[in-house]
Amino acid sequence: MSEISLMKSQSAVDTDSQVAKEPSVKGNPLVILLFILLIAGALTYLVDSGSYQRDGKVVIPGTFQLIEKDTSLSHLLSVRDKEDIEGATPASVADLLQAIPKGLDKASGLIFMVLVIGGMFGILTSSGAIDNGLHKLIGLVKGNIFALTIILMTVFSFGSTMLGLASEYLLVIPIMVALSRKVGLDPIYGFAILTISVKVGYIASILNPLPLTIAQPLVGLPIFSGAMQRSVYFVVFLMLGVGFMIYKLRKANSVSQISIDTPHFTIPFRHVLMLAVMFISIIFLAIASNQWQWKHQEITSYYILISILLALISGYKPSEAAQVFVEGMKKVLLASFLIGVASAVAIVLSDAYVLDTIVNWMSGFIGEGNKYAAVTGMFVSQLLLDVLIPSTSGQAAVSIPILSPLGQLSGVTSQQTVTAFLFGNGITNLLTPTSGTLLAYLATAGISWTRWFKFVLPLWFIFSAAALVLLCLAVS
(Lines give C-alpha, C1' and ligand atoms only; values in the text may rest on other atoms or scores of the structure.)
Protein backbone atom coordinates (compact mmCIF):
# COMPACT_ATOMS: atom_id res chain seq x y z
CA MET A 1 0.00 0.00 0.00
CA SER A 2 1.37 3.44 -0.90
CA GLU A 3 1.91 6.09 1.75
CA ILE A 4 0.89 9.72 2.04
CA SER A 5 3.40 12.12 3.54
CA LEU A 6 1.92 15.25 5.11
CA MET A 7 4.31 18.20 5.25
CA LYS A 8 3.31 19.98 8.45
CA SER A 9 5.21 22.03 11.00
CA GLN A 10 5.73 20.03 14.17
CA SER A 11 5.46 23.11 16.36
CA ALA A 12 2.08 24.17 15.06
CA VAL A 13 -1.03 23.25 16.99
CA ASP A 14 -4.44 22.85 15.39
CA THR A 15 -6.82 24.36 17.89
CA ASP A 16 -9.84 22.81 16.21
CA SER A 17 -8.29 19.36 16.62
CA GLN A 18 -7.68 20.08 20.28
CA VAL A 19 -11.33 20.93 20.75
CA ALA A 20 -12.27 17.65 19.12
CA LYS A 21 -10.25 15.70 21.66
CA GLU A 22 -11.76 17.41 24.65
CA PRO A 23 -14.95 15.79 25.92
CA SER A 24 -17.81 18.24 26.05
CA VAL A 25 -20.69 17.68 28.43
CA LYS A 26 -22.12 21.17 28.42
CA GLY A 27 -22.09 21.21 24.63
CA ASN A 28 -24.02 17.99 24.18
CA PRO A 29 -26.58 18.70 21.43
CA LEU A 30 -29.31 16.80 23.29
CA VAL A 31 -28.90 19.13 26.29
CA ILE A 32 -29.00 22.16 24.00
CA LEU A 33 -32.17 21.01 22.25
CA LEU A 34 -33.92 20.17 25.52
CA PHE A 35 -33.01 23.63 26.79
CA ILE A 36 -34.50 25.18 23.63
CA LEU A 37 -37.63 23.06 24.17
CA LEU A 38 -37.93 24.48 27.71
CA ILE A 39 -37.60 28.01 26.31
CA ALA A 40 -40.38 27.22 23.84
CA GLY A 41 -42.53 26.03 26.74
CA ALA A 42 -41.84 29.25 28.65
CA LEU A 43 -42.82 31.32 25.61
CA THR A 44 -46.27 29.76 25.66
CA TYR A 45 -46.79 31.53 29.03
CA LEU A 46 -45.02 34.79 28.15
CA VAL A 47 -46.32 35.39 24.61
CA ASP A 48 -49.96 35.99 23.71
CA SER A 49 -51.70 33.37 21.59
CA GLY A 50 -53.15 34.27 18.23
CA SER A 51 -53.70 32.93 14.75
CA TYR A 52 -54.07 33.87 11.12
CA GLN A 53 -56.74 32.51 8.86
CA ARG A 54 -55.24 30.20 6.26
CA ASP A 55 -55.89 29.14 2.71
CA GLY A 56 -54.51 25.63 3.02
CA LYS A 57 -51.11 26.15 4.63
CA VAL A 58 -50.71 29.73 3.39
CA VAL A 59 -51.62 32.50 5.82
CA ILE A 60 -54.02 35.27 4.75
CA PRO A 61 -52.53 38.73 5.51
CA GLY A 62 -54.51 41.01 7.78
CA THR A 63 -56.45 38.21 9.44
CA PHE A 64 -54.42 37.90 12.66
CA GLN A 65 -56.51 37.78 15.82
CA LEU A 66 -55.53 37.24 19.43
CA ILE A 67 -56.92 34.23 21.28
CA GLU A 68 -57.79 34.35 24.96
CA LYS A 69 -55.46 32.32 27.11
CA ASP A 70 -55.19 31.61 30.81
CA THR A 71 -51.46 31.77 31.62
CA SER A 72 -51.67 30.72 35.27
CA LEU A 73 -48.97 28.30 36.40
CA SER A 74 -51.66 25.80 37.33
CA HIS A 75 -51.43 24.58 33.72
CA LEU A 76 -47.88 23.34 34.31
CA LEU A 77 -49.01 20.08 35.91
CA SER A 78 -52.25 19.63 34.04
CA VAL A 79 -52.86 16.64 31.79
CA ARG A 80 -55.43 17.10 29.05
CA ASP A 81 -56.19 16.35 25.45
CA LYS A 82 -55.62 19.43 23.28
CA GLU A 83 -58.49 18.42 21.00
CA ASP A 84 -60.95 18.70 23.89
CA ILE A 85 -59.92 22.28 24.74
CA GLU A 86 -61.40 25.34 23.09
CA GLY A 87 -59.08 28.28 22.58
CA ALA A 88 -55.45 28.35 23.63
CA THR A 89 -53.59 27.03 26.66
CA PRO A 90 -49.90 27.23 27.58
CA ALA A 91 -47.79 24.10 27.47
CA SER A 92 -47.75 21.81 30.48
CA VAL A 93 -44.91 19.50 31.49
CA ALA A 94 -46.88 16.66 29.93
CA ASP A 95 -47.21 18.65 26.68
CA LEU A 96 -43.44 19.16 26.53
CA LEU A 97 -42.77 15.47 27.07
CA GLN A 98 -45.39 14.40 24.54
CA ALA A 99 -43.98 16.82 21.97
CA ILE A 100 -40.83 14.71 21.75
CA PRO A 101 -42.51 11.50 20.50
CA LYS A 102 -44.72 13.68 18.30
CA GLY A 103 -41.56 15.21 16.86
CA LEU A 104 -40.05 11.78 16.32
CA ASP A 105 -43.19 10.74 14.48
CA LYS A 106 -43.26 13.93 12.42
CA ALA A 107 -39.59 13.56 11.41
CA SER A 108 -39.71 9.76 11.07
CA GLY A 109 -39.05 9.90 7.33
CA LEU A 110 -35.80 11.80 7.77
CA ILE A 111 -34.81 9.75 10.82
CA PHE A 112 -35.11 6.39 9.05
CA MET A 113 -33.30 7.78 6.02
CA VAL A 114 -30.34 8.82 8.18
CA LEU A 115 -30.22 5.40 9.85
CA VAL A 116 -30.16 3.59 6.51
CA ILE A 117 -27.43 5.89 5.18
CA GLY A 118 -25.37 5.15 8.28
CA GLY A 119 -25.73 1.43 7.62
CA MET A 120 -24.88 1.79 3.95
CA PHE A 121 -21.66 3.62 4.70
CA GLY A 122 -20.84 1.02 7.33
CA ILE A 123 -20.56 -1.42 4.44
CA LEU A 124 -18.54 0.99 2.27
CA THR A 125 -16.14 1.99 5.01
CA SER A 126 -15.43 -1.46 6.40
CA SER A 127 -14.74 -2.80 2.90
CA GLY A 128 -11.92 -0.28 2.36
CA ALA A 129 -13.46 1.06 -0.85
CA ILE A 130 -13.71 4.66 0.40
CA ASP A 131 -10.14 4.74 1.67
CA ASN A 132 -8.72 3.50 -1.64
CA GLY A 133 -10.98 5.78 -3.68
CA LEU A 134 -9.88 8.86 -1.75
CA HIS A 135 -6.26 7.92 -2.16
CA LYS A 136 -6.75 7.88 -5.91
CA LEU A 137 -8.70 11.17 -5.87
CA ILE A 138 -5.91 12.99 -4.04
CA GLY A 139 -3.48 11.66 -6.61
CA LEU A 140 -5.59 13.02 -9.48
CA VAL A 141 -5.32 16.59 -8.16
CA LYS A 142 -1.61 16.01 -7.46
CA GLY A 143 -2.17 16.52 -3.75
CA ASN A 144 -3.29 20.17 -4.04
CA ILE A 145 -5.77 20.54 -1.18
CA PHE A 146 -6.74 24.10 -2.06
CA ALA A 147 -7.52 23.18 -5.67
CA LEU A 148 -9.54 20.19 -4.45
CA THR A 149 -11.49 22.45 -2.07
CA ILE A 150 -12.38 24.94 -4.82
CA ILE A 151 -13.47 22.20 -7.23
CA LEU A 152 -15.59 20.33 -4.69
CA MET A 153 -17.31 23.44 -3.32
CA THR A 154 -18.18 24.66 -6.81
CA VAL A 155 -19.66 21.29 -7.80
CA PHE A 156 -21.62 20.80 -4.55
CA SER A 157 -23.04 24.32 -4.48
CA PHE A 158 -24.01 24.14 -8.16
CA GLY A 159 -26.04 21.00 -7.46
CA SER A 160 -27.90 22.77 -4.65
CA THR A 161 -28.57 26.07 -6.39
CA MET A 162 -29.78 24.39 -9.59
CA LEU A 163 -31.47 21.20 -8.38
CA GLY A 164 -32.13 21.85 -4.69
CA LEU A 165 -29.89 18.98 -3.57
CA ALA A 166 -29.60 18.84 0.22
CA SER A 167 -30.64 15.58 1.87
CA GLU A 168 -29.25 13.80 -1.21
CA TYR A 169 -25.77 14.93 -0.12
CA LEU A 170 -26.05 12.84 3.04
CA LEU A 171 -24.49 10.15 0.85
CA VAL A 172 -21.39 12.27 0.38
CA ILE A 173 -20.75 13.40 3.97
CA PRO A 174 -18.97 10.20 5.14
CA ILE A 175 -16.74 10.47 2.07
CA MET A 176 -15.81 14.07 2.92
CA VAL A 177 -15.11 13.12 6.53
CA ALA A 178 -12.91 10.26 5.35
CA LEU A 179 -11.16 12.63 2.93
CA SER A 180 -10.24 14.96 5.80
CA ARG A 181 -8.79 12.11 7.81
CA LYS A 182 -6.92 10.85 4.76
CA VAL A 183 -4.98 14.10 4.43
CA GLY A 184 -4.42 14.49 8.17
CA LEU A 185 -7.13 17.07 8.89
CA ASP A 186 -9.91 17.17 11.45
CA PRO A 187 -13.17 15.74 9.99
CA ILE A 188 -14.91 19.09 10.47
CA TYR A 189 -13.01 20.50 7.48
CA GLY A 190 -14.40 17.97 5.04
CA PHE A 191 -17.83 18.40 6.60
CA ALA A 192 -17.58 22.18 6.22
CA ILE A 193 -16.61 21.98 2.55
CA LEU A 194 -19.86 20.16 1.77
CA THR A 195 -22.21 21.91 4.22
CA ILE A 196 -21.13 25.45 3.36
CA SER A 197 -21.46 24.62 -0.34
CA VAL A 198 -25.03 23.36 0.11
CA LYS A 199 -26.02 26.48 2.07
CA VAL A 200 -24.46 28.75 -0.55
CA GLY A 201 -26.62 27.04 -3.16
CA TYR A 202 -29.77 27.60 -1.11
CA ILE A 203 -28.91 31.20 -0.23
CA ALA A 204 -28.71 32.12 -3.92
CA SER A 205 -31.17 29.51 -5.31
CA ILE A 206 -30.67 30.33 -8.98
CA LEU A 207 -33.09 27.64 -10.14
CA ASN A 208 -33.64 25.78 -6.87
CA PRO A 209 -37.17 24.39 -7.20
CA LEU A 210 -37.77 23.82 -3.47
CA PRO A 211 -38.03 27.46 -2.28
CA LEU A 212 -38.79 29.17 -5.59
CA THR A 213 -41.84 27.10 -6.58
CA ILE A 214 -43.40 28.08 -3.25
CA ALA A 215 -42.12 31.60 -2.58
CA GLN A 216 -42.44 33.24 -5.98
CA PRO A 217 -46.09 32.28 -6.74
CA LEU A 218 -47.07 33.62 -3.29
CA VAL A 219 -46.09 37.13 -4.43
CA GLY A 220 -47.37 36.75 -8.00
CA LEU A 221 -43.99 36.18 -9.68
CA PRO A 222 -43.24 33.69 -12.47
CA ILE A 223 -41.33 30.70 -11.10
CA PHE A 224 -37.54 31.03 -11.60
CA SER A 225 -37.81 34.71 -12.60
CA GLY A 226 -34.83 36.85 -11.51
CA ALA A 227 -32.35 34.02 -12.12
CA MET A 228 -29.69 36.29 -13.60
CA GLN A 229 -29.58 38.50 -10.52
CA ARG A 230 -29.43 35.45 -8.24
CA SER A 231 -26.53 34.14 -10.35
CA VAL A 232 -24.53 37.18 -9.25
CA TYR A 233 -25.45 36.49 -5.63
CA PHE A 234 -24.35 32.88 -6.08
CA VAL A 235 -20.89 33.92 -7.27
CA VAL A 236 -20.50 36.35 -4.36
CA PHE A 237 -21.47 33.85 -1.65
CA LEU A 238 -19.48 31.03 -3.25
CA MET A 239 -16.34 33.19 -3.31
CA LEU A 240 -16.87 34.11 0.35
CA GLY A 241 -17.42 30.46 1.29
CA VAL A 242 -14.36 29.25 -0.61
CA GLY A 243 -12.25 32.06 0.83
CA PHE A 244 -13.37 31.14 4.34
CA MET A 245 -12.40 27.49 3.85
CA ILE A 246 -9.01 28.39 2.35
CA TYR A 247 -8.38 30.63 5.37
CA LYS A 248 -9.39 27.85 7.76
CA LEU A 249 -7.12 25.35 6.00
CA ARG A 250 -4.18 27.74 6.17
CA LYS A 251 -4.90 28.44 9.83
CA ALA A 252 -4.82 24.70 10.49
CA ASN A 253 -1.27 24.84 9.13
CA SER A 254 -2.14 22.44 6.32
CA VAL A 255 0.04 23.06 3.30
CA SER A 256 -1.50 23.28 -0.13
CA GLN A 257 0.47 20.34 -1.44
CA ILE A 258 0.55 16.75 -0.24
CA SER A 259 3.31 14.46 -1.37
CA ILE A 260 1.87 11.20 -2.66
CA ASP A 261 3.86 8.16 -3.64
CA THR A 262 1.75 5.92 -5.88
CA PRO A 263 4.13 4.00 -8.15
CA HIS A 264 2.22 0.73 -8.19
CA PHE A 265 -1.05 1.67 -6.49
CA THR A 266 -4.17 0.19 -8.06
CA ILE A 267 -7.66 -0.03 -6.61
CA PRO A 268 -9.05 -3.57 -6.36
CA PHE A 269 -11.72 -4.19 -9.01
CA ARG A 270 -14.28 -4.95 -6.31
CA HIS A 271 -13.72 -1.48 -4.82
CA VAL A 272 -13.84 0.18 -8.24
CA LEU A 273 -17.22 -1.44 -8.81
CA MET A 274 -18.54 -0.31 -5.40
CA LEU A 275 -17.42 3.26 -6.01
CA ALA A 276 -18.94 3.22 -9.49
CA VAL A 277 -22.26 2.09 -8.00
CA MET A 278 -22.08 4.96 -5.50
CA PHE A 279 -21.24 7.55 -8.16
CA ILE A 280 -24.00 6.42 -10.51
CA SER A 281 -26.51 6.17 -7.65
CA ILE A 282 -25.85 9.78 -6.58
CA ILE A 283 -26.38 11.08 -10.12
CA PHE A 284 -29.53 9.01 -10.58
CA LEU A 285 -30.86 10.16 -7.20
CA ALA A 286 -30.36 13.82 -8.16
CA ILE A 287 -32.38 13.26 -11.34
CA ALA A 288 -35.06 10.97 -9.90
CA SER A 289 -35.79 13.00 -6.77
CA ASN A 290 -36.53 16.07 -8.91
CA GLN A 291 -38.20 14.28 -11.81
CA TRP A 292 -40.56 12.18 -9.71
CA GLN A 293 -40.67 14.36 -6.59
CA TRP A 294 -39.31 11.65 -4.31
CA LYS A 295 -39.91 12.13 -0.60
CA HIS A 296 -38.13 10.56 2.37
CA GLN A 297 -39.88 7.22 2.00
CA GLU A 298 -38.87 6.76 -1.64
CA ILE A 299 -35.32 7.96 -1.03
CA THR A 300 -34.90 5.63 1.95
CA SER A 301 -36.10 2.70 -0.18
CA TYR A 302 -33.54 3.70 -2.80
CA TYR A 303 -30.77 3.74 -0.18
CA ILE A 304 -31.79 0.25 0.97
CA LEU A 305 -31.46 -1.00 -2.60
CA ILE A 306 -28.00 0.55 -2.93
CA SER A 307 -26.99 -1.00 0.41
CA ILE A 308 -27.97 -4.44 -0.85
CA LEU A 309 -26.01 -3.96 -4.08
CA LEU A 310 -22.92 -2.80 -2.17
CA ALA A 311 -23.18 -5.74 0.20
CA LEU A 312 -23.32 -8.18 -2.73
CA ILE A 313 -20.32 -6.59 -4.45
CA SER A 314 -18.26 -6.33 -1.24
CA GLY A 315 -17.93 -10.07 -0.92
CA TYR A 316 -19.30 -10.12 2.62
CA LYS A 317 -21.31 -13.09 3.74
CA PRO A 318 -24.94 -12.15 4.55
CA SER A 319 -24.34 -12.20 8.31
CA GLU A 320 -21.17 -10.12 7.95
CA ALA A 321 -22.92 -7.54 5.76
CA ALA A 322 -25.77 -7.30 8.27
CA GLN A 323 -23.30 -6.80 11.10
CA VAL A 324 -21.39 -3.92 9.46
CA PHE A 325 -24.73 -2.38 8.38
CA VAL A 326 -25.95 -2.38 11.99
CA GLU A 327 -22.62 -0.97 13.22
CA GLY A 328 -23.00 1.89 10.75
CA MET A 329 -26.52 2.60 12.00
CA LYS A 330 -25.32 2.74 15.61
CA LYS A 331 -23.02 5.65 14.77
CA VAL A 332 -25.95 7.88 13.79
CA LEU A 333 -28.52 6.62 16.27
CA LEU A 334 -28.18 9.49 18.76
CA ALA A 335 -28.45 12.19 16.13
CA SER A 336 -31.51 10.54 14.67
CA PHE A 337 -33.18 11.06 18.04
CA LEU A 338 -32.03 14.70 18.02
CA ILE A 339 -33.90 15.31 14.76
CA GLY A 340 -37.17 14.37 16.50
CA VAL A 341 -36.41 16.59 19.49
CA ALA A 342 -35.77 19.52 17.16
CA SER A 343 -39.19 19.01 15.57
CA ALA A 344 -40.79 19.12 19.03
CA VAL A 345 -39.96 22.83 19.42
CA ALA A 346 -42.24 23.89 16.55
CA ILE A 347 -44.96 21.52 17.80
CA VAL A 348 -45.02 23.15 21.25
CA LEU A 349 -45.26 26.68 19.82
CA SER A 350 -47.86 25.70 17.25
CA ASP A 351 -50.12 23.83 19.70
CA ALA A 352 -50.20 26.87 22.00
CA TYR A 353 -50.98 29.22 19.06
CA VAL A 354 -47.83 31.22 19.79
CA LEU A 355 -46.09 30.79 16.44
CA ASP A 356 -48.46 33.08 14.53
CA THR A 357 -48.13 35.73 17.24
CA ILE A 358 -44.35 35.69 16.84
CA VAL A 359 -44.70 36.00 13.06
CA ASN A 360 -47.08 38.93 13.49
CA TRP A 361 -44.67 40.59 15.93
CA MET A 362 -41.75 40.13 13.52
CA SER A 363 -43.75 41.84 10.79
CA GLY A 364 -43.36 44.98 12.90
CA PHE A 365 -39.69 45.05 11.86
CA ILE A 366 -40.79 46.24 8.44
CA GLY A 367 -40.72 50.02 8.42
CA GLU A 368 -42.95 52.09 6.16
CA GLY A 369 -41.52 54.81 3.93
CA ASN A 370 -37.87 53.68 3.93
CA LYS A 371 -37.09 50.85 1.55
CA TYR A 372 -33.63 50.21 3.06
CA ALA A 373 -35.07 49.85 6.56
CA ALA A 374 -37.88 47.69 5.19
CA VAL A 375 -35.65 45.23 3.35
CA THR A 376 -33.30 45.07 6.36
CA GLY A 377 -36.29 44.33 8.59
CA MET A 378 -37.41 41.58 6.22
CA PHE A 379 -33.99 39.97 6.28
CA VAL A 380 -33.67 40.13 10.07
CA SER A 381 -37.17 38.74 10.59
CA GLN A 382 -36.38 35.80 8.29
CA LEU A 383 -33.12 35.15 10.15
CA LEU A 384 -34.97 34.91 13.46
CA LEU A 385 -38.00 33.09 12.13
CA ASP A 386 -35.86 30.32 10.66
CA VAL A 387 -34.94 29.16 14.16
CA LEU A 388 -38.62 28.49 14.88
CA ILE A 389 -39.58 27.32 11.38
CA PRO A 390 -36.46 25.75 9.80
CA SER A 391 -38.56 24.26 7.00
CA THR A 392 -38.05 26.31 3.84
CA SER A 393 -41.55 25.68 2.52
CA GLY A 394 -43.15 26.22 5.95
CA GLN A 395 -41.35 29.51 6.49
CA ALA A 396 -42.33 30.75 3.02
CA ALA A 397 -46.02 29.90 3.51
CA VAL A 398 -46.18 31.72 6.85
CA SER A 399 -43.99 34.78 6.32
CA ILE A 400 -44.00 35.85 2.68
CA PRO A 401 -47.75 36.64 2.37
CA ILE A 402 -47.38 38.93 5.41
CA LEU A 403 -44.07 40.59 4.60
CA SER A 404 -44.64 41.23 0.89
CA PRO A 405 -47.52 43.77 1.20
CA LEU A 406 -45.70 45.54 4.03
CA GLY A 407 -42.54 45.81 1.96
CA GLN A 408 -44.35 47.15 -1.08
CA LEU A 409 -45.60 50.09 0.98
CA SER A 410 -41.95 51.09 1.39
CA GLY A 411 -40.89 50.44 -2.20
CA VAL A 412 -39.54 46.90 -1.83
CA THR A 413 -40.47 44.81 -4.86
CA SER A 414 -41.82 41.28 -4.71
CA GLN A 415 -38.57 39.93 -6.17
CA GLN A 416 -36.59 41.63 -3.41
CA THR A 417 -38.95 40.15 -0.80
CA VAL A 418 -38.19 36.68 -2.15
CA THR A 419 -34.47 37.46 -2.08
CA ALA A 420 -34.67 38.58 1.57
CA PHE A 421 -36.47 35.33 2.36
CA LEU A 422 -33.83 33.23 0.56
CA PHE A 423 -30.98 35.04 2.31
CA GLY A 424 -32.51 34.83 5.78
CA ASN A 425 -33.61 31.21 5.48
CA GLY A 426 -30.35 29.99 3.96
CA ILE A 427 -27.96 31.82 6.25
CA THR A 428 -29.63 30.85 9.53
CA ASN A 429 -29.92 27.24 8.35
CA LEU A 430 -26.13 27.24 8.34
CA LEU A 431 -26.17 26.83 12.13
CA THR A 432 -29.70 26.66 13.57
CA PRO A 433 -29.99 23.75 16.06
CA THR A 434 -33.64 23.16 15.14
CA SER A 435 -32.91 22.25 11.53
CA GLY A 436 -33.53 18.55 10.96
CA THR A 437 -31.35 18.52 7.83
CA LEU A 438 -28.38 20.14 9.60
CA LEU A 439 -28.72 17.72 12.51
CA ALA A 440 -28.82 14.85 10.03
CA TYR A 441 -25.61 16.16 8.45
CA LEU A 442 -23.92 16.45 11.83
CA ALA A 443 -25.15 13.00 12.80
CA THR A 444 -23.74 11.40 9.68
CA ALA A 445 -20.40 13.16 10.19
CA GLY A 446 -20.23 12.46 13.93
CA ILE A 447 -19.66 16.16 14.76
CA SER A 448 -21.33 17.96 17.67
CA TRP A 449 -23.47 21.02 17.01
CA THR A 450 -21.43 23.17 19.41
CA ARG A 451 -18.18 22.41 17.53
CA TRP A 452 -19.83 23.28 14.26
CA PHE A 453 -21.34 26.47 15.71
CA LYS A 454 -17.92 27.72 16.85
CA PHE A 455 -16.35 26.78 13.53
CA VAL A 456 -18.90 28.42 11.22
CA LEU A 457 -20.07 31.43 13.30
CA PRO A 458 -17.56 33.87 11.71
CA LEU A 459 -18.82 32.88 8.25
CA TRP A 460 -22.40 33.41 9.44
CA PHE A 461 -21.55 37.04 10.24
CA ILE A 462 -19.74 37.43 6.91
CA PHE A 463 -22.69 36.04 4.99
CA SER A 464 -25.14 38.24 6.94
CA ALA A 465 -23.13 41.39 6.21
CA ALA A 466 -22.86 40.46 2.53
CA ALA A 467 -26.59 39.77 2.37
CA LEU A 468 -27.43 43.20 3.78
CA VAL A 469 -25.14 44.91 1.30
CA LEU A 470 -26.60 42.98 -1.65
CA LEU A 471 -30.18 43.67 -0.53
CA CYS A 472 -29.51 47.41 -0.18
CA LEU A 473 -27.90 47.45 -3.63
CA ALA A 474 -30.92 45.62 -5.03
CA VAL A 475 -33.48 48.08 -3.67
CA SER A 476 -31.36 51.02 -4.83
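Helix α3 has 14 residues and spans 20 Å from its first C-alpha to its last, close to the 20 Å expected at 1.5 Å a residue; the expected span is 1.5 Å times one less than the number of residues. Helices (H or I, at least four residues) and strands (E, at least two) are DSSP runs numbered from the N terminus. The model is predicted: local features need pLDDT of at least 70 and side-chain atom pairs pLDDT 80 or more, while totals for chains, interfaces and linings use all residues. Residues are numbered from 1 along each chain as its sequence is written, and side-chain values use heavy atoms, with hydrogens and water left out.

Within α3, Ala94, Asp95, Leu96, Ala99, Ile100 and Gly103 are buried. Buried means under 20% relative accessible area, exposed over 50%, and partly exposed in between, with a 1.4 Å probe and protein chains only. Val93 and Leu97 belong to a nonpolar surface patch together with Leu73, Leu76 and Leu77, and the patch has about 530 Å² of accessible area. Such patches are made of residues with over 30% relative accessible area and no salt bridge; nonpolar side chains (Val, Leu, Ile, Met, Phe, Trp, Tyr) are joined within 5 Å, like charges within 9 Å. Accessible areas come from the Shrake-Rupley method with a 1.4 Å probe, and for residues only the protein chains shown count as cover. Leu76 sits in the loop between β5 (65-67) and α3 (93-106) and is partly exposed, at a relative accessible area of 32%.

Leu46 is in helix α2 (residues 29-46) and counts as exposed, with 69% relative accessibility. Its C-alpha is 7.9 Å from that of Thr71, a residue 25 places away along the chain.

The protein chain as a whole has 20 helices and 6 strands. Of its 476 residues, 54% count as buried. The accessible surface comes to about 21200 Å², and 65% of this belongs to carbon and sulfur atoms. Among contacts (heavy atoms within 4.5 Å) with a separation of 6 or more, 79% are between residues 24 or more positions apart.

The interior can be described through its nonpolar cores. A nonpolar core is a set of buried Ala, Val, Leu, Ile, Met, Phe, Trp, Tyr and Cys residues joined through side-chain atoms within 4.5 Å. The largest has 137 residues, and those with the most contacts inside it are Ile196, Phe237, Met245, Tyr303, Leu310, Phe423 and Trp452. Apart from this core lies another, of 9 residues, including Leu212, Ala215, Ile400 and Val418. Leaving out residues up to four places away in sequence, Phe237 touches Val200, Ile203, Phe423, Phe463, Ala466, Ala467 and Leu470. With the same exclusion, Thr149 touches Ile193, Met245, Ile246 and Leu249. Thr149 is found in helix α6 (residues 145-163) and is buried, at a relative accessible area of 2%.

Charged pairs come next. A salt bridge is a side-chain nitrogen of Lys or Arg within 4 Å of a carboxyl oxygen of Asp or Glu, and by this rule there are 4. One of them joins Asp356 and Arg54, with N to O at 2.7 Å. This pair links distant parts of the chain, 302 residues apart: Asp356 is in helix α15 (residues 355-362) and Arg54 in strand β3 (residues 54-55). Asp356 is buried, at 6% relative accessible area, whereas Arg54 is partly exposed, at 36%. Helix α15 is mostly covered, with 6 of its 8 residues buried; these are Leu355, Asp356, Thr357, Ile358, Val359 and Met362.

Asp186 and Arg451 form another salt bridge, their closest N and O atoms being 3.3 Å apart. Asp186 is in the loop between α7 (173-182) and α8 (187-204), and Arg451 is in helix α20 (residues 449-475), 265 residues apart. Both Asp186 and Arg451 are buried. Glu327 and Lys330 also form a salt bridge, at 3.4 Å between the closest N and O atoms. Because these two are 3 residues apart in helix α13 (residues 318-330), they are separated by about one helical turn. An α-helix has 3.6 residues a turn, so residues three or four places apart point the same way. Glu327 is partly exposed, with a relative accessible area of 35%.

Two loop residues remain. Phe224 has a positive phi of about 75° although it is not a glycine. Phe224 lies in the loop between α9 (209-218) and α10 (227-251) and is partly exposed, at 32% relative accessible area. Tyr353 has a phi near 55°, also positive in a residue other than glycine. Tyr353 is in the loop between α14 (333-351) and α15 and is partly exposed, at 36% relative accessibility.
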